[in-house]
Amino acid sequence: MTVDPKTAPAHGPIVEIDLSALCANYAMIRDAAPEARVSAAVKCDAYGLGLTPISRALFERGGCDEFFVAYPEEGAALREALNNAAARIYCFAGPSEETLALYERVQMTPVINSLTQAELWAKRGAGPTVVHIDTGMNRLGAPMSEAQAIAATLSAAGREVSIVMSHLACASDPTHPKNKDQREKFVEAARRFSGARLSLAASAGALMDKAYQFDLVRPGIALYGGSPFDADDERICDVATLKAPIVQLRDLRPGETVGYGATFTATAPVRIATVALGYGDGYPRNDTPAGAAIVNGALAPIVGRVSMDFITLDITSLKNPVKIGDYAEFFGPRLRLFKAAAAAHRVPYDLLTGLGGRIDRRYL
Ligand SMILES: *Cc1c(COP(=O)(O)O)cnc(C)c1O
């Protein structure tokens, strides 16, 4: 996903990524979870921000040496990004006949999600193992009823279970009763794997309560500047700034409309700025205009529909003069990712991971 400099437009959208802020978020989570180790979830190209620079900064500057990816191919890319350093890489997908060899070549630890995977790994795999027990998410992971058989299968084959993990379904709301319920089920399931480290928390679990931190936390979004909660979390620093240049200015008379579907009609004289960013770059398209950007220090609402390459902003009330080539900032230090996402009817997760390949990623 990381942009190819040959195809990134010279005057197109940019996402600036502050690697010091990334490391500050890592350190903040360490402080919040002093008794746990802090790993990093770097799946999906490090949430769209670039696997190689992100994982290198976390490893070399942040001191992070355990990483989670979703697919074995991501793990192979990560091993290369880290120059084969002795970091531990865990892969949520778990092994299949097709990927066993890749796990071995990359020296990556699989997350076992079923008895079938445990049997495969017991027969053919080597090295330590992570086991994922589903405690109520009903998505990935082995059911509680298989925990005993998985433990027995791996132990008979001499496979050490280094970590037993589960994943919280409702941690975005720390008061949700399901959190406590899953925690109790997790502690019960973990009894089958004596000696293993325990890991239940992603970003939200790590930041909500010590009771959820156990031995290892697995934050993703909080490292990248997004709140994992249903509200913003000021402890998290902004990491990414999305901005795009203004390419046209238009003065509309009352009665004139903007964009596809003519969804915005000027009721008074209106000044419109057209910005080089669109849904083709991952900025959400909504039927009714939603979201805003900062232009020359002031907030300008999106009017008209977001199209593939362009967004139109109403800059009528802006006091500072706006000219072609000025940048509009869609999120960043002046407009928190959480708030920008909410205004566009999204969450930080899908806004970041949706950022397209045409956006120039620049690392600070
Ligand atoms: C993606 C993921 C994480 C990281 O989640 P965040 O909410 O981004 O911190 C941790 N654990 C599992 C199983 C995941 O799928």
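# Close-up views of a predicted model

View 1. Cys170 is a buried residue, its relative accessible area being 16%. All the views here come from a predicted model, so please read the values below as computed ones. Which cysteine sulfur is closest to that of Cys237? The answer is the sulfur of Cys23, at 11 Å, and that is too far for a bond, since a disulfide needs two cysteine sulfur atoms within 2.5 Å. As a reminder, a disulfide is a covalent link joining the sulfur atoms of two cysteines. By the distance rule, the disulfide count for the model is zero.

View 2. Lys43 sits in helix H2, which covers residues 43-47. Is this residue buried, exposed or partly exposed? With a relative accessible area of 28%, Lys43 is partly exposed, as that value lies between the 20% limit for buried and the 50% limit for exposed. Leaving out residues up to four places away in sequence, the partners that Lys43 touches are Phe68, Val69, Ala70, Glu74 and Phe92.

**View 3. Tyr260 and its surroundings.** Tyr260 is placed in a loop, with strand S13 (257-258) on one side and strand S14 (264-265) on the other. Its relative accessibility is 60%, so Tyr260 counts as exposed. Which residues does Tyr260 touch, once those up to four places away in sequence are set aside? They are Arg305 and Ser307.

View 4. Cys44 has a phi near 55°, a positive value in a residue other than glycine. Tyr47 likewise has a positive phi, near 55°, and is not a glycine. Helix H2 holds Cys44, and helix H2 is also the place of Tyr47. What about their accessibility? Cys44 counts as partly exposed at 39% relative accessibility, while Tyr47 counts as buried at 7%.

**View 5. Thr135 and a polar contact with Gln182.** Thr135 occupies the loop that runs between strand S7 (129-134) and strand S8 (142-143). At 3% relative accessibility, this threonine counts as buried. Its side chain makes a polar contact with the side chain of Gln182, at 3.0 Å. Setting aside neighbours within four places in sequence, the residues in contact with Thr135 are Met144, Ser166, His167, Gln182, Lys185 and Phe186.

View 6. The domain assignment divides the chain into domain 1 (19-224) and domain 2 (240-363). How many residues does each domain bring to the contact between them? Domain 1 gives nine residues and domain 2 gives eight residues. Taken over C-alpha atoms, the centres of domain 1 and domain 2 are separated by 37 Å. The UniProt record, again an unreviewed entry, places the feature "domain: Alanine racemase C-terminal" at residues 239-364. Residues 239-364 are 10% helix and 35% strand, with 10 Å between the end C-alpha atoms.

View 7. Gly325 lies in the loop between strand S18 (311-314) and strand S19 (327-331). This glycine counts as partly exposed, with 40% relative accessibility. How many residues apart in sequence are Gly325 and His11? The two are 314 residues apart along the chain, and 8.4 Å apart in space from C-alpha to C-alpha. Apart from neighbours within four places in sequence, Gly325 is in contact with Pro245 and Ile246.

Definitions and conventions. Residues numbered from 1 in each chain as written. Predicted model: local features only at pLDDT ≥ 70, side-chain atom pairs only at ≥ 80, totals over all residues. Heavy atoms only, no water. Helix = DSSP H or I, 4+ residues; strand = E, 2+ residues; numbered from the N terminus. Buried < 20%, exposed > 50% of the residue type's maximum accessible area, 1.4 Å probe, protein only. Contact = heavy atoms within 4.5 Å. Polar contact = N/O pair within 3.5 Å; in protein donor to acceptor, adjacent residues only side chain to side chain. Domains from an automatic or database assignment. UniProt positions renumbered as here; feature names shortened; annotations may be inferred.
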